[in-house]
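Hi everyone, thanks for coming.

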Amino acid sequence: MGDTQQIPLCNGRELVDGGVAVPFDVVYAGQTCRAFAIRHQGIVHAYLNRCTHVAMEMDWQPNRFFDDTGRWLLCSTHGAAYQPDTGACAGGPCRGGLVRIALTERDGVVHWHTDYNLQPVAF
Ligand code: FES
């Protein structure tokens with residue numbers, strides 16, 4: 001599995017419950033992809049911005065994934081709904097859950113964790 005790194009992403013204040021996501025780029029399975037972090041019921045979560053119905057980005061406006069109730073993460077293309085705390089498919093045409101990215105929030109800063117197939121983009 002290799003060592004995981006914790007990469008600073010943003011201040012915790014930037015993530016409001018049910019609010020706008022913080023985007024970041026990653027290399028997932030060798031491909032550069034967009035990812036996003038959100039806060040749901042006080043806890044931060046992150047996922048690859050890739051729907052499991054058709055592998056495309058989901059946000060209906062830049063960095064907006066929550067539905068009006070703040071209960072679901074939505075894909076803007078055909079309306080798939082995902083659980084914000086697990087990424088699990090909860091409704092619509094999604095086929096399985098979103099790819100999760102581990103996060104840690106400490107001292108007011110949110111960090112994302114690399115993994116064997118998840119790396120930062122090399123600048
Ligand atoms: S591409 Fe997401 S619901 Fe179809």
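Let's start at one spot: leaving out residues up to four places away in sequence, M56 touches N49, R50, C51 and T77. Contact here means heavy atoms within 4.5 Å. Before I go on, this is a predicted model, where local features need pLDDT of at least 70, side-chain atom pairs count only at pLDDT 80 or more, and totals for chains, interfaces and linings use all residues. Residues are numbered from 1 along each chain as its sequence is written, and side-chain values use heavy atoms, with hydrogens and water left out.

So where does M56 sit? You'll find M56 in the loop between β4 (43-48) and β5 (73-74). Those strand labels come from DSSP runs, numbered from the N terminus: strands are E runs of at least two residues, and helices are H or I runs of at least four. M56 counts as partly exposed, because its relative accessibility is 36%. The cut-offs are under 20% relative accessible area for buried, over 50% for exposed, and partly exposed in between, with a 1.4 Å probe and protein chains only. M56 and L98 are 42 residues apart in sequence, and their C-alpha atoms are 12 Å apart in space.

The C-alpha trace spans about 35 × 30 × 25 Å along its principal axes. For 123 residues, a compact globule would have a radius of gyration near 14 Å, and the protein chain agrees, with 14 Å. That radius is taken over C-alpha atoms, and the globule rule is 2.2 Å times the number of residues to the power 0.38.

Of the 123 residues, 42% count as buried. Take the contacts between residues at least 6 apart in sequence: 48% of them join residues at least 24 apart.

Now the salt bridges. Searching the whole structure turns up 3 of them. To count, a side-chain nitrogen of Lys or Arg has to be within 4 Å of a carboxyl oxygen of Asp or Glu.

One of them joins the side chains of E57 and R34, at 2.7 Å from N to O. E57 is in the loop between β4 and β5 and R34 is in strand β3 (residues 31-40), so this pair ties together parts 23 residues apart in sequence. E57 is partly exposed at 38% relative accessibility, and R34 is partly exposed too, at 25%.

R34 also forms a salt bridge with D59, with the closest N and O atoms 3.8 Å apart. D59 lies in the loop between β4 and β5, so its pairing with R34 in strand β3 ties together parts 25 residues apart in sequence. Is D59 buried or exposed? D59 is buried, with a relative accessible area of 15%.

Then there's R39 with E105, where the closest N and O atoms are 2.8 Å apart. This pair links distant parts of the chain, with R39 in strand β3 and E105 in strand β9 (residues 103-106), 66 residues apart. R39 is buried, at 11% relative accessible area, while E105 is partly exposed, at 35%. And which residues end up in one network? Salt bridges that share partners join R34, E57 and D59.
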